[in-house]
Amino acid sequence: MMDNNAPATERRGGSVRNTPARVSIWSDALGVALIVAIFVTPMFWLMYGQYYTFAMFTFGVVAIPAGHLGRRHGKRLDGRDRGLALVGILTGWLLLVVALLVLAYGGLIIGLAFLFGSAR
């Protein structure tokens with residue numbers, strides 16, 4: 001039985017959808033595609049690495065709250081797409097960790113370059 005008071009984003013075509021869970025997984029898919037792009041196109045990574053890292057961080061930040069909202073909506077929808085939302089949360093955290101590791105690695109390289117450059 002469908003609730004007629006449900007938002008229009010959850011009622012479409014006669015079926016009930018868990019929209020936040022789908023937003024979370026799409027955000028994660030884009031972030032993981034960026035990680036794959038790092039390994040497939042290393043030259044673009046060297047030229048535009050800051051944009052890749054910023055996008056990974058942004059997609060992770062979007063995916064985590066959307067995943068939590070998806071879990072909450074899934075509870076009201078009898079478990080619909082709760083697993084999808086959980087995957088979105090976990091992958092969002094993975095994207096944040098990878099982005100922070102890239103930033104830490106970049107900071108290490110810049111710090112070593114500064115250290116060895118000033119030693120002359």
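In which helix do tyrosine 48 and tyrosine 51 both lie, and how many residues apart are they? In this predicted model, both belong to helix α2, where a spacing of 3 residues, about one turn of the helix, separates tyrosine 48 from tyrosine 51. The structure has 1 aromatic pair. Its members are these two tyrosines: the ring centres are 6.3 Å apart and the ring planes stand at 35°, so the pair is tilted.

Two packed helices are described by the angle between their axes and the distance between the axes. Here, α2 (residues 42–76) packs with α3 (residues 82–117) at about 150°, and the axes are 7 Å apart. Because angles over 145 degrees count as roughly antiparallel, α2 is roughly antiparallel to α3. The crossing of α2 with α3 is left-handed. Residues of this contact comprise 17 nonpolar, 8 polar and 3 charged ones.

A further link involves the loop between α2 and α3. Side chains of opposite charge can pair when their charged atoms come close. The model contains 1 salt bridge, formed by the side chains of aspartate 81 and arginine 22 with an N to O distance of 3.3 Å. Aspartate 81 sits in that loop and arginine 22 in helix α1 (residues 19–40), so the pair ties together parts 59 residues apart in sequence. Arginine 22 is partly exposed, with a relative accessibility of 33%.

Conventions: Residues numbered from 1 in each chain as written. Predicted model: local features only at pLDDT ≥ 70, side-chain atom pairs only at ≥ 80, totals over all residues. Heavy atoms only, no water. Axes fitted to C-alpha atoms, helices over the stretch in contact; angles between N-to-C directions. Helix = DSSP H or I, 4+ residues; strand = E, 2+ residues; numbered from the N terminus. Parallel < 35°, antiparallel > 145°, perpendicular 65-115°, else oblique. Left-handed = near helix turned anticlockwise from the far one by under 90°. Nonpolar A, V, L, I, M, F, W, Y, C, P; charged D, E, K, R; others polar. Phe/Tyr/Trp six-rings, centres within 6.5 Å; stacked < 30°, edge-to-face > 60°. Salt bridge = Lys/Arg side-chain N within 4 Å of Asp/Glu carboxyl O. Buried < 20%, exposed > 50% of the residue type's maximum accessible area, 1.4 Å probe, protein only.
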